[in-house]
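This report describes the structure shown below.

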2 protein chains.
Amino acid sequence: METNTNTTLQTVITPEELLAQWQGHRNLTRRVIEAFTEKDLFNFSIGGMRPFSEMVVELLAIAAPGIKEIVTGKTAAFNEDINHENKKAKLLELWDKTTEDINTYWAQIKPEQFHDTIKSFGEYEGTVWSSIFYFIDNEIHHRGQAYVYLRALNIEPPFFYER
Amino acid sequence: METNTNTTLQTVITPEELLAQWQGHRNLTRRVIEAFTEKDLFNFSIGGMRPFSEMVVELLAIAAPGIKEIVTGKTAAFNEDINHENKKAKLLELWDKTTEDINTYWAQIKPEQFHDTIKSFGEYEGTVWSSIFYFIDNEIHHRGQAYVYLRALNIEPPFFYER
């Protein structure tokens, strides 16, 4: 085991590392969206669940608006009314826009803010850190479901460990 | 937004909070295991994937051994040869034993250790924090897949946000 040379870094994870972790996951999710045909992305489902496109809309409705709330302190209702025109290219465009928005807002989160209490979308109480972890965990959860959709469609999903 | 009164806590997440986050996820995964009938737990699958029992074995093979390595610095090969006797009760017993083992080993991780470089199971290079995040994320990923199995079996899975 190699000892960390920066002995002052007695922290589990830095804000920059958490951002990179999230964007790494989002990069993988982007490739999962790409792996679907347009038809299956918007139509295929198992066991009465939503097609993956609708889960992607949920993730888009959470990510940038969720971080924006944390930075501005201005609460907005959760809004999944996102115009994607039933097109994969449009969903990917919205995904990339969200990537930039997250980076922009993230740079404005203050380090001392992560333990503040907030109510995301005026509904979900937690700390800033637990809310952000929820955003990420929820994405991993739904992407895992998309892996089953892809396997059922006989499509090989991207490697989970490649971000 | 309520301001954090502990102004010295300028960290994203403490080791204690990360442990609680993981055990919260593990508590949910336990309820997902319980939701399956024994037969489906060990046999049901979609698209040529593993039954959920085999994913659970993977999670058991990662969790306590992974944390033990971090604490002891002694590497052991990844070993999924876990005797569960094809019984749900036995898997749950192993799950609960792992819960205790994680708590025991976790108490021995030093705060300055999270940015050390390690090679989990002699194979997977990363930092201590990124390895632990991988353990947790991988569990969320496979549990998300189990949700699809349950839905396909017409069984209502536990709420994702209840830990």
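Predicted model: local features only at pLDDT ≥ 70, side-chain atom pairs only at ≥ 80, totals over all residues.

## Charges over aromatic rings

B:Arg163 is placed over the face of B:Phe160, at 4.8 Å from the centre of the ring. In chain A, the ring of A:Trp95 has the charged end of A:Arg26 over it, 4.3 Å from the ring centre.

## Aromatic pairs

Over all chains, a search of the whole structure returns 19 aromatic pairs. In one of them, A:Phe36 and A:Phe52, the ring centres are 5.5 Å apart and the planes meet at 25°, so the pair counts as stacked; the cut-off for stacking is an angle under 30 degrees. This pair joins distant parts of the chain: A:Phe36 belongs to the loop between α1 (15-35) and α2 (38-43) of chain A, whereas A:Phe52 belongs to helix α3 (residues 52-72) of chain A, 16 residues apart. A:Phe36 and A:Phe52 are both buried.

The pair formed by A:Trp106 and A:Phe114 has another geometry: its ring centres are 6.3 Å apart and its planes stand at 50°, so it is tilted. A:Trp106 has a relative accessibility of 6% and therefore counts as buried. A:Phe114 is likewise buried, with a relative accessible area of 1%.

## Relation between the copies

The same surface serves both copies, since 100% of the contact residues of chain B recur in chain A.

How many cavities of 30 Å³ or more does a search of the whole structure find? The search finds 3 such cavities, and the largest cavity holds about 80 Å³ of space.

Both chains contribute to the lining of the largest cavity. From chain A, the lining residues are A:Gln21, A:His25, A:Phe133, A:Ile136 and A:Asp137; from chain B, they are B:Leu18, B:Gln21, B:Phe133, B:Ile136 and B:Asp137. In terms of helices, α1 and α5 (128-152) of chain A, and α1 (15-35) and α5 (128-152) of chain B, each supply at least two residues of this lining.

Note on methods. Residues numbered from 1 in each chain as written. Chains lettered and ligands numbered in written order. Heavy atoms only, no water. Contact = heavy atoms within 4.5 Å. Phe/Tyr/Trp six-rings, centres within 6.5 Å; stacked < 30°, edge-to-face > 60°. Helix = DSSP H or I, 4+ residues; strand = E, 2+ residues; numbered from the N terminus. Buried < 20%, exposed > 50% of the residue type's maximum accessible area, 1.4 Å probe, protein only. Lys NZ or Arg CZ within 6 Å of the ring centre and 35° of its normal. 1 Å grid on protein atoms, 1.4 Å probe; cavity = no way out; pocket = protein on both sides within 12 Å on 5 of 7 lines; lining within 4 Å. Points joined across faces, edges and corners; volume = space filled by probe spheres on them.
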